[in-house]
Structure formats: C-alpha cells, structure tokens
Amino acid sequence: MMRPELLAPAGNLEKLETAFSFGADAVYIGNWIFGLRKFADNFTLRQMEMGINLANRLGKKVYVVLNGFAHDEDLEALRPYLIELNRIQPHGFIISDAGVASLSQELTTVPLHVSTQASVTNAYDCAMWKELGATRIVLAREVTIDQIREIKRQVDIELEVFVHGSMCASYSGKCVISNYTAARDSNRGGCIQSCRHTYELINEENGETETTHIMNAKDLMTLNLVPDLIDAGVESFKIEGRMKSPMYVASVVTAYRDAIESALENRSPDANAETELEKISNRGYFTGGLDDRPAGESINYATNGHSAGVKYLGSIKSVNEQMGSVILSRGILSVGEEIEIQSPTGIYAYTIGEMRDMAGRSLEKCVPSQMICLPDLRNVPENTILRKPIVEVVTENA
Amino acid sequence: MPKLTTYAASAEDVKTAIEAGAKHLILEDAKVSIRCYSDDYKELHFEKVTYLANLAREISPSIELSFNIDVMAHDYHLPTITDAVNTCRYAGISEFRVQDPGLALLIKTLHPEATLTLATETGNNNSGSHRVFSRWFARQMLGNELTHTEIAAMTQGNASTFDIQVHGPILIQYSYRRYMSGFRTSRGETSRRLAQDLEYPGRYFPFFENPHGHFMYLFFDRCLIKYIPLLTSLNIGRWIVDARGESLAYLKTALQAYKNALHEFEQSPTQYELSPKTISDLESVGKRALKAGFFLANKTDSERRLALKILQDTSQYLGTIVDVIRGKWITIELERSISVPSPVTLFSPEGPQVSFNIDSLFTLTDEPLAHSSHNRYVKTAWQKGAVPKSVLLAQETLD
C-alpha cells in the first residue's frame, strides 16, 4: 500500500511546528495576501521562509494557499508576491483561480495544486487542470470514495482529499452570501459563515414558519474510512482548520497519523482516537460526502454551537534550566490545578506546583494571553500542549 | 447590438420569450440543467429538447439555440450528459453552456463541432482566467460581482464573446446537500421557501431545492434597465434575462422592457430616457426589490483591504507582542533581528498606533541583549499602548 501524506493546517509558525512535532508530513499556510483566511492568523514571507527551511530540514513539506477568486486588481498585487514566493520555494501552491494558476506558472517554478474551491468533481476536470500544469487536485468534498477510485483510474494526477474538519455547506467556492449581506467577499477571505446563522423558513403557500440552523454543516471525521482512502489511491489526507488552536492540530494529527500507520501495518487503530477527537471543539461529526451523498444527518439543525471535552490552556514555547517551561497561556491556570500535558508521546496528568510571570514574580493564577513559566515542568519538548478536561459543553454562537 | 437571451424549459417559455423579443434561447431540461424548474426527472431521455427546438424554429426561424448543462458533474451524471449532447446534436443544437469547465473535454469528444459557453456562477472574475478558459470556451459569462469598469477593462476587443445577466434572481449559494428535505423528510423532491436570516432581519432569501441540491437566491433581483447607455457601451454580446422560477408575466415583461429600452436608445442615443412606467411594470411582476447589485460599484472588503496594505509590507514587520506586564515588560515574538536602539511603530488591534524606541532587549531569562540574534521571544521595557497581539513595524525598511 502506498503511504499517503498527512497534511495539516498551520495558521502560524507555532501551529506549523506543532503539526510537524505530532506527525504531520506537510502543512499548508497562508499570507495576508490572497488566502481565504485573510484576517486570521497568517504568515509573513519571512515566517514562511522559516517554516519552509524547517520543513526541508525535517524532510517535510509546506504548501502555500492562494485560493481566492481573483479580480484583475488582485492579479496585479500578486505578481511581486509570487516572485518572492518563488525565491523561498514552497513545495506547492494551492490555487483555485485559473488566472492565478496561469500567473503562478508564468512567474514561478512552484508546483500547482488545485484547491477544493475549484470544486473538481470528475476526471474531465482533473484532465483539464493537468493540461494547465497542475500536479495535484484537492477534490471537491462532495466526491465519494468510489468516484475517487474512478478518477484515479482515468487520470494520472495526485489526489488530495479532506479527511477532517469544518465543511462548507455549499460546493466550496459556490457561495457569495457574504458579498451581498455583509460586504465581505466570501471567496477573497471575507466569508462570515452565513450558513451557520439561524433562519426562519416561510412557506408562502400556507404561511407556516419554522426556525432552524438550516445550512449548519457538521464537521467531517473519517477515521474509519482511512483504509478505504489509502486503497483508493489518495496521495494526501488533508485536515481543515488553519484558524483552530495548536491543540486541535496536535489532536487531529495524532489521530490520523495513528489511523494511517495502523492501516499500513494492518493492525487495529487506537481505540481511543475517536474519543479524543470528540473532546476537541466540534459541531458534531459525520463522514462528509466520502461514503455517500450527504443528507439530513450532515446538518446540525438544532444548534450552531460547538461541543468540547477539553479546553486549550496554551503551548510550551521554550524549556530552559532557569525557568522550566515557558508558556503563552490561552486560558486561566491556577497553582494546584490538575491539567493534562499532551505531547507527541501521549497525554499525561500534571498538577501545577509553581507558576511565575516574565518578571519572575510568583503567581497564584494567570490570565489568558499571559507569558508564564512553570519551573517544575522540565522534561517536555517545545510545542507540548497544556489542556484541561471540562464537562462537555455546547457553546451556542452569538 | 446585444442579443436578448433567456432560459426556456417549456413550450410556454419558448413562445413567451420569442414573442417578447428574445433572440437566443438557452433550452433546459432539469436532468442536467440544475436550476430548471420544470419536472423532467421522470422522462428518461431528452425528447423535450428536440420538441422545444423545433417549436422555437417554427415560431422564429432565425432564433439562436443553445442547451444548458450546468450540473457539477459526478460520474453518475456522465451517461445522462452524453445522452443530452447526442440528442442536441441530432436536433441541430451545437452550442452548450456549462458550469463545470471539465465538461468541455467530454462534450468536444461527443460533438467536435460544438461551441461552448462557460458560466461558472462564481469565480472566473479576471482577465487571466478568461484567457485560460478561452482555450476551450468560445463564450464566457461575466460574474455578477464584476463592476462595469472592471468589465470594460477586461473585455476590450472581445466583449461580444461575453454574456451578462441584466435581469433576474441572483444565485448566491449552490449546495449538493438538500437541507430542506433533510430537515423534514416528508418534503418532496422539490420545494421552495422564503428564508429570513435572523441576523439580518427583513431580508427574505428564496430557497429552492431539487434533486440536484439546494439553491439560495438574493433578497433582491438584479436589474440593469436604468443603465442601458452604459450597458450598451460595453458591447457585450448577449444580455440575459433570467426568469427561471418566476412567472411567464415576469419573463414577458422583463424581455419586453429591455427590448424596448434598447430599441429606443439605439433610435436616439442622445434623447434616450427610461420611462418610469418601465420600472413600475417590472416591479409589478416581481416579488423582490430591483437593484443593480455590484454592477455600479463593488466596495467589498475595501476598508479591511486598506488596513491590510500596511501589514502587507512585510519588509518592515518586526514581530508581535504576546505578553504585557503593565509598567514592567512586554514580551515580543520576534521575527526579524533587531539591534538596540531601534525606532518602531506599534499597531494595536484595539486601534491606537504608537511610535517609540526599543532601547533595551532581554532574553526570557533576563539576560541583556544588544542584538536579538536568534531569540524568538525577547522582552523589552513596557510601553504604553501595548496590548497582546499588537504588531511591531520597524520605522526603517529592514534588510
């Protein structure tokens, strides 16, 4: 069996390092320019270069996302950016727009991967993009495993498939709701996720009304389909979520790394993996369009909130003799509190014994976004995750 | 002179459209025309298309005909598409309109003389993309998100090979999932509702669902009747009046309005004035407000784009503040090397912009630094206005 690539999201350098530490083979990253996550975490060119250098040292890969739908003004802005990107040589561009693809081919030698935003659903689309120079297609999330097999049979091109994470309710890219309702371009980084809103449905024939989250797609989770996807010839297993936390990256990469290795070694996967994925924030899971056309069970009509069983508290930024572990907190930590340490080797219980701030003062408690150190936490690698079990809660979005 | 164009899926559509002034009909069959409102699913083949083509030619021998195959093609669609193309070929229809660009390869295999129009619904909004797709497509549909200035710049010299929607409902989302039938399993193959987004009350979005999936339309209809001189100056080859899902009166009134306006403008461009009755006639047959959408201007994300321009100059980006101890320290996640002293500008996510000098640097373990070297995290003296996630830019361009 061919060993597929496990491709993780990286919204910033910290998440890139986390992804690699926990077993990802590759990451995809974006810049402020022309990704679909324009206003969230992003990389500067310098950070991209650092990430690419790190990947090269580790024998891993970094793909750069350029998957907005361009207008002519964007193409002009992209020219100098593409030239800079060509200098730092990422391992691929993820592009949905034919004009951007053409420009990248003209100005760079970086391989072209076609984004899921292009909604490629059949072998003819793959053949057309191959003719335009693409080496890999990220298939539309509506394509089933049987259809993937057929595409693979007909076209010699690498296939990448989303295996985990949030889903667009529509065919990706076939939505401009935000453009008209919020003056934000859905396909140039401005999607406001109108599909998560509450809608009142009105039957004009009889006046009946119903209120529901009619388009609120559940999250994709395909641990059980990993053997079939490998068998179908998928080269890259993609995890969604550049805006999600390092804990999400660590947990999802760990689960799918194990699922892939188990399938390749023909052994049972970690029985606890699905439980771990249930613990990280999610909207309820389903298998996407991979086994069959998604129907009512793919929508969370009742709520647009998330459920979670653990809370992310921060990541270890550095470890040294004098300070112990240095952590950028993402939650409230208190001395005496029992938390969990999530490292690439497993999840361990830990009780906070002592805590200091960056001025060396002793703390009883820290606040979110505070740099702290835990002097007695030493034998852990950088990018280890601190988290806390919580009673499963459903948080309704505003 | 632009050709008035519309969709037709029934004999009534064909008759009404031609009588009202359509010069080009895009024939539809719901099996492969995904936004078609006729119920063609029980018919195994495409005899209806042959019938509609013959009828159209009988009424108007000069009518131009094409056929719409705008399904996002999965494997199981391919035999049906093949059947449709073969039927059209025998019916003398050699122009096809597709949303899924790859279908060009299939259709050209089945019908080498076919000419193709690409109508992607979203995207394909730049001249580079148009240039790429012109390898396979003789015509392309201009996106509804394009302004007239963008269109003028993009179509210079070949505007006649483009189509534009001048009137009708605007599709804003297409999903393979059938949300409404999933919500209430008793609902049939097709259903329609009005949907009010409770975060934007007062806006009513038409929802339409059929075996192909779910379609969401905007709360207003596109209407460019007020801009006939501007539209005409763009020299676009086809003007599309889209009345799918609307009444025959809507189809007839809209086509006649554009036909008459175009005629009057061409008779006397300098004297042309749109009659208020034309607008009221159009309003009387529709259910939604009539607006130009993005045709006049598209300021989507303009303010945020402006703010980003500052950050896009990454040659000045030093790092991000990750921790602040008021009166003592700020901790910086440093991307670039700096030496002290360094003049910097801080951009706070809360708004303020502050310029100051970094006069001292320390490691996390409080060792002084003259130069940041390879330290990713450094500390410096507290600065008023600094909050976590503030961005630091050098006041001089870095190496």
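**Terms and model**

A salt bridge is a side-chain nitrogen of Lys or Arg within 4 Å of a carboxyl oxygen of Asp or Glu. One such pair is formed by the side chains of Arg135(B) and Glu131(A), with a distance of 3.6 Å from N to O.

This is a predicted model, in which local features need pLDDT of at least 70 and side-chain atom pairs count only at pLDDT 80 or more, while totals for chains, interfaces and linings use all residues. Residues are numbered from 1 along each chain as its sequence is written, chains are lettered from A in the order in which they are written, and side-chain values use heavy atoms, with hydrogens and water left out.

**The interface of chain A and chain B**

Chain A and chain B each place 92 residues in the contact, where contact means heavy atoms within 4.5 Å. About 8400 Å² is buried between the two chains, 58% of it on carbon and sulfur atoms; buried area is the accessible area (1.4 Å probe) that two parts lose on being put together, summed over both.

Across this interface the rule finds one salt bridge. The side of chain A that touches chain B consists of 43 nonpolar, 27 polar and 22 charged residues. Here Ala, Val, Leu, Ile, Met, Phe, Trp, Tyr, Cys and Pro count as nonpolar, Asp, Glu, Lys and Arg as charged, and the others, Gly among them, as polar.

**Strands paired between the chains**

Strand β8 (residues 199-202) of chain A and strand β8 (residues 191-197) of chain B run antiparallel and are joined by four bridges. Strands are DSSP runs (E, at least two residues), numbered from the N terminus, and two strands pair if DSSP finds at least two bridges between them. Within this pairing, Ile202(A) has Leu194(B) as its bridge partner.

**Domains of the two chains**

Domain bounds come from an automatic or database domain assignment. Chain B is divided into domain 1 (3-172 + 219-291) and domain 2 (308-394), whose C-alpha centres lie 56 Å apart. In chain A the division is into domain 1 (5-188 + 218-296) and domain 2 (308-395), with C-alpha centres 30 Å apart.

The contact within chain A takes 15 residues from domain 1 and 14 residues from domain 2. These two domains of chain A bury about 1200 Å² between them, and carbon and sulfur atoms give 55% of that area. Phe22(A), Met247(A) and Lys279(A) supply 44% of the area that domain 1 buries against domain 2, more than any other three residues. Two salt bridges are counted between these domains of chain A. Arg387(A) forms a salt bridge with Glu276(A), where the closest N and O atoms are 3.0 Å apart.
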